[in-house]
Amino acid sequence: MGNNPIYFINDGNNKILTTNYEDIQGRPYKIFSYGEDIGYIYTDFTYPQELIANAGDNISSAVLDKIKNTLGNYEYFYDITGNWIFQEQKNYLNTSKSTIDLNNLNNNNYLIDISKGKSEYDFSNSPLIISYSNSPNFLNVKNDFVV
């Protein structure tokens, strides 16, 4: 990852990737910029074995479950509008939630305001308050998960 373009030189048998512009002088080349896909080719999914179902078998259990189990972390369903959905499960098995959060951070998220001091609240020298107490009721804490 970087801001400099990558030059791909294809001289017959010699295939060279370089970031140095002087290396491409007089040779055919292709430029790849930041964010472009390089190094792989999208291919259609092909099942690695024979995908056979018996007459009268349910298509879901006989075929779709085999494909889903071969791919691993995938699911299929109909959404509420009747569209067929086949997608990777969003359970952070291959990508963690912290990875997504770190990718969304920018430099302003790291700024710290040190002019306020070391604490958020300062209860010292408060003449109107005699005592402080905190007794949370943990029975009111709820974790409602709806799937």
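In this predicted model, helix H1 runs over residues 59–71, and its 13 residues reach 17 Å from the first C-alpha to the last, which is close to the 18 Å expected at 1.5 Å a residue. The helix has a kink of about 35 degrees, centred on aspartate 65. At its N-terminal end, H1 is capped by asparagine 58, where a side-chain oxygen lies 3.1 Å from the backbone nitrogen of serine 60, while just after the helix glycine 72 takes a positive phi of about 105 degrees.

Within H1, the residues Ala62, Val63 and Ile67 are buried, and strand S5 (84–88) is among what covers the buried residues of this helix.

The aromatic rings are the second topic. The structure holds six aromatic pairs, and two of them are set out here.

| Pair | Centre to centre | Angle between planes | Kind |
|---|---|---|---|
| Tyrosine 7 and tyrosine 29 | 6.0 Å | 80 degrees | edge-to-face |
| Tyrosine 76 and tryptophan 84 | 5.4 Å | 35 degrees | tilted |

The pair of tyrosine 7 and tyrosine 29 links distant parts of the chain, since tyrosine 7 belongs to strand S1 (residues 6–11) and tyrosine 29 to strand S3 (residues 29–32), 22 residues apart. Tyrosine 7 has a relative accessible area of 10% and is therefore buried, whereas tyrosine 29, at 39% relative accessibility, counts as partly exposed. In the other pair, tyrosine 76 is buried with a relative accessible area of 18%, and tryptophan 84 is partly exposed with 39%. Ring pairs also link Tyr74, Tyr76, Tyr78, Trp84 and Phe86 into a cluster.

Notes
Residues numbered from 1 in each chain as written. Predicted model: local features only at pLDDT ≥ 70, side-chain atom pairs only at ≥ 80, totals over all residues. Heavy atoms only, no water. Helix = DSSP H or I, 4+ residues; strand = E, 2+ residues; numbered from the N terminus. Expected span 1.5 Å × (residues − 1). Bend = angle between axes of the 7 residues up to and from the residue. Buried < 20%, exposed > 50% of the residue type's maximum accessible area, 1.4 Å probe, protein only. Contact = heavy atoms within 4.5 Å. Polar contact = N/O pair within 3.5 Å; in protein donor to acceptor, adjacent residues only side chain to side chain. Phe/Tyr/Trp six-rings, centres within 6.5 Å; stacked < 30°, edge-to-face > 60°.
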